[in-house]
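Here is a short tour of one protein chain for you to follow on screen. Please keep the sequence and the 3D view side by side as you read.

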Amino acid sequence: MASFKESEKWLERTHAKKLKELGGKSIKLECNFEAGLPDRLCITRTGLHYYIEFKSKGKKPSKIQEVRIRELRAMNCDVYVIDNEFDMLAVLRLGENILTFEGVVLASYCQTEKTFSVMTEEIFNTIYSKK
């Protein structure tokens, strides 16, 4: 069973709270007519917007959710599936364009190319286990 910090509910609530603190908005998507929509539409203070499907640690989107994610990505929408705190915090900083920790770039976003680069948790742990 996933720990509390790895639960879908905790990730979603924490992301929404932190995005609001950064001047952004997290809109819960609930629709009776369109099954499988991502959990949230997120808009940063810089105007960047993206969708997030939150999952408990190790869980995957359902088949209908995968269909909706592919549809949104085909329309050039950014959609992230988040199942852990590390990735949630990395995506949270998209509006800031770069996330660093002790001077190491963990994630960056290029708005013109719509590319997102993230240092994986494995690489992060490898770097910081040597300190």
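Which residue of β2 stands opposite K25? The residue opposite K25 is I43 in β2. Helices (H or I, at least four residues) and strands (E, at least two) are DSSP runs, numbered from the N terminus.

This is a predicted model, in which local features need pLDDT of at least 70, side-chain atom pairs count only at pLDDT 80 or more, and totals for chains, interfaces and linings use all residues. Residues are numbered from 1 along each chain as its sequence is written, and side-chain values use heavy atoms, with hydrogens and water left out.

**The sheet**

- Four strands make up an open sheet with mixed pairing, in the order β1-β2-β3-β4; two strands pair if DSSP finds at least two bridges between them.
- At the edges are β1 and β4, each of which pairs on one side only.
- On average, neighbouring strands are turned by 25° against each other, direction ignored; axes are lines fitted to C-alpha atoms, for helices over the stretch in contact, and angles run from 0 to 180 degrees between N-to-C directions.
- β1 and β2 run antiparallel and are joined by four bridges.
- β3 and β4 run parallel, and four bridges join them as well.

**Helix α1**

- Helix α1 covers residues 8-21, and its 14 residues should span 20 Å at 1.5 Å a residue, which agrees with its end C-alpha atoms being 20 Å apart; the expected span is 1.5 Å times one less than the number of residues.
- Buried residues of α1 are W10, L11, E12, T14, H15, A16 and L19 (buried means under 20% relative accessible area, exposed over 50%, partly exposed in between, with a 1.4 Å probe and protein chains only).
- Their cover includes β1 (25-28), β2 (40-43), β3 (49-54), β4 and α3 (85-92).
- After α1 comes G23, with a positive phi near 90°.

**R68 and L37**

- R68 sits in helix α2 and counts as buried because its relative accessible area is 14%.
- Apart from neighbours within four places in sequence, R68 is in contact with E34, A35, G36 and L37; contact means heavy atoms within 4.5 Å.
- L37 belongs to the loop between β1 and β2, and is partly exposed because its relative accessibility is 28%.
- With neighbours within four places in sequence left aside, L37 is in contact with C31, E53 and R68.
- L37 and E66 are 29 residues apart in sequence, while their C-alpha atoms are 9.3 Å apart in space.

**Cysteines**

- C42 is buried, with a relative accessible area of 0%, whereas C31 is partly exposed at 37%.
- How many disulfides does a search of the whole structure find? The search finds zero; a disulfide is a pair of cysteine sulfur atoms within 2.5 Å.

- N76 is in the loop between α2 (63-74) and β4 (79-82).
- Is N76 buried or exposed? N76 counts as exposed because its relative accessibility is 60%.
- Most residues other than glycine have a negative phi.
- N76 is a residue other than glycine with a positive phi, near 65°.
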